[in-house]
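Hi,

Here is the structure I said I would pass on.

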Amino acid sequence: VEAISETLLKMSRGDVKTIARSITIVENELDGFKELLFSLYDTRRTPVIGFTGPPGAGKSTLINALIREYSGAGKKVAVIAIDPTSPFNYGTLLGDRLRMSEHFNDPNVFIRSIATRGSLGGLTEKTIEIVDVLKAANFDVLIIETVGVGQTEVEIAGLADTTVVILVPEAGDEVQMMKSGIMEIADIFVVNKSDRDGAGAFLNNLQKLVHSFPEKGWITPVLATAAITRTGIQEVIEQIEAHGHSASFNKKKSFVLLEKAYRLIQKKRMQDINKVKLHDEIEKAILASEFNIYRFADCY
Ligand SMILES: Nc1nc2c(ncn2[C@@H]2O[C@H](COP(=O)(O)OP(=O)(O)OP(=O)(O)O)[C@@H](O)[C@H]2O)c(=O)[nH]1
Ligand SMILES: [Mg+2]
């Protein structure tokens, strides 16, 4: 077995094999995963940019266009695409791979899809750990794509230094619905598919909405893109850069660490709870006698 210091050195030099192996080690809790995690220090402070938004908003297409810009400027980019394990999203997974496939042979680009939500005792979510492993490598920017469905937007905000929320012109009602939550987490709004009807009106409404919320040391910009034709990409990069220099970005550091710590502690405390086993035990318990869910839960 290779010494941790050797692994870290190789990663910091951008050894792709070592990076991929380290991710596999933490993802599957293979031998030495804890030692590896315990040896990670965030010295490079690689910015983590989260992209979230409704299914099909154009997140992957936009990220693809950004990768092209970053890589063209000689920057090294890592992308984590988080695929919910739901079979509904299987097509998405393949789609993302196809859309980003032009970068598969680019030495400046590292792309990894990871599964989440070990629904019935399957894979546990290792996003935090994988991000931290990637931070130990020599990337200039880390990008995370998640589909925004309720909770995930909030989760991405606890993981990313800058959160970009991608919407489409026809998302009017959705924005009304998730208004406050989305306002809290969005550092940058991108209205993609601005080539479509109604983009101008939607942009205006969103702009008004942003200004109706109290300012937090950074005014959330509302940008228009058409990712498919790579229109407006430069502005997205500029605003990500600008947010990185804002007071809000610095304040967010400890918030992100808090969220990460909270989730790691939660996972640690829940590690002996397996939903499949729990289901068996519930089925037994309800057969036995009078069933009280609070007494049942109190045993754990
Ligand atoms: N008209 C138009 N279509 C776009 C634009 N950007 C992306 N699309 C299309 O929208 C569809 C979805 O794009 P994706 O990039 O896969 O969207 P996504 O948000 O990553 O989707 P999920 O990962 O499934 O949530 C594709 O067919 C794209 O070609 C755009 O700017 N204009
Ligand atoms: Mg996608």
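**What I found**

Of the 300 residues in the protein chain, 44% are buried (under 20% relative accessible area with a 1.4 Å probe, protein chains only; exposed is over 50%, and partly exposed is in between). Please keep in mind that this is a predicted model, where local features need pLDDT of at least 70 and side-chain atom pairs count only at pLDDT 80 or more, while totals for chains, interfaces and linings use all residues. Residues are numbered from 1 along each chain as its sequence is written, chains are lettered from A and ligands numbered from 1 in the order in which they are written, and side-chain values use heavy atoms, with hydrogens and water left out.

The chain has 13 helices and 7 strands (DSSP runs numbered from the N terminus: H or I of at least four residues for helices, E of at least two for strands).

Helix H11 covers residues 247-270. Lys253 is buried, and so are Phe249 and Val256, among others in H11.

H4 (residues 59-72) and H10 (residues 233-244) have axes that come within 10 Å and cross at roughly 75° (lines fitted to C-alpha atoms over the stretch in contact, with angles from 0 to 180 degrees between N-to-C directions). The two are therefore roughly perpendicular (65 to 115 degrees). The contact (heavy atoms within 4.5 Å) involves residues including Leu62 and Tyr70 of H4 and Ile233 and Ile240 of H10.

Cheers

Conventions:
Expected span 1.5 Å × (residues − 1). Parallel < 35°, antiparallel > 145°, perpendicular 65-115°, else oblique.
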